Amino acid sequence: MFADGMAPAVIDWPVYCRPASWASAVAVVDALTWHGAPASLVERWSDRAEWDQMLVRALMYRIATNEGLRRAELPVREHVKSYRPVVDLVLDRAR
């Protein structure tokens, strides 16, 4: 925050830390789910630490957060159609 005559202040500090590869995994999951990215995008980032686990966690995060926000917008069937291919891809890699 900034206020005239005062030093800048941080008022919201997250109490957790996520690996940098987790942020990449969220971007990949979003691209696959909502933007029609090719499945090969998963391989492009596979050199990241714990990549398969990060994909699983990013997918769980996105489903949980998006479903809370979108619940009233689309029927559940529409959401399943969007997530299903990505869930299958991620779970196949994690096995």
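**Aromatic pairs and a charge over rings**

Trainee: What is the relative accessible area of Tyr61?

Mentor: Tyr61 counts as partly exposed. That class falls between buried, under 20% relative accessible area, and exposed, over 50% (1.4 Å probe, protein chains only). The value for Tyr61 is 31%.

Trainee: How many aromatic pairs does the count give?

Mentor: This is a predicted model: local features need pLDDT of at least 70, side-chain atom pairs count only at pLDDT 80 or more, and totals for chains, interfaces and linings use all residues. Residues are numbered from 1 along each chain as its sequence is written, and side-chain values use heavy atoms, leaving out hydrogens and water. Rings of Phe, Tyr and Trp (its six-membered ring) pair if their centres lie within 6.5 Å; planes under 30 degrees apart are stacked, over 60 edge-to-face, the rest tilted. The count is 2.

Trainee: How many residues apart are Trp22 and Tyr61?

Mentor: Trp22 and Tyr61 pair edge-to-face, 5.1 Å centre to centre with 70° between the planes. Trp22 sits in helix α1 (residues 20–34) and Tyr61 in helix α3 (residues 51–70); helices are DSSP runs (H or I, at least four residues), numbered from the N terminus. The separation is 39 residues.

Trainee: Which helix holds Tyr83?

Mentor: Trp34 and Tyr83 are edge-to-face, at 5.4 Å and 80°. Trp34 is in helix α1, 49 residues from Tyr83. Tyr83 is buried at 5%. Its helix is α4.

Trainee: Which residue lies over the face of Trp22?

Mentor: A charge sits over a ring if NZ of Lys or CZ of Arg is within 6 Å of the ring centre and within 35 degrees of the ring normal. Over Trp22, the distance is 4.0 Å. The residue is Arg18.

Note on methods: Helix = DSSP H or I, 4+ residues; strand = E, 2+ residues; numbered from the N terminus.
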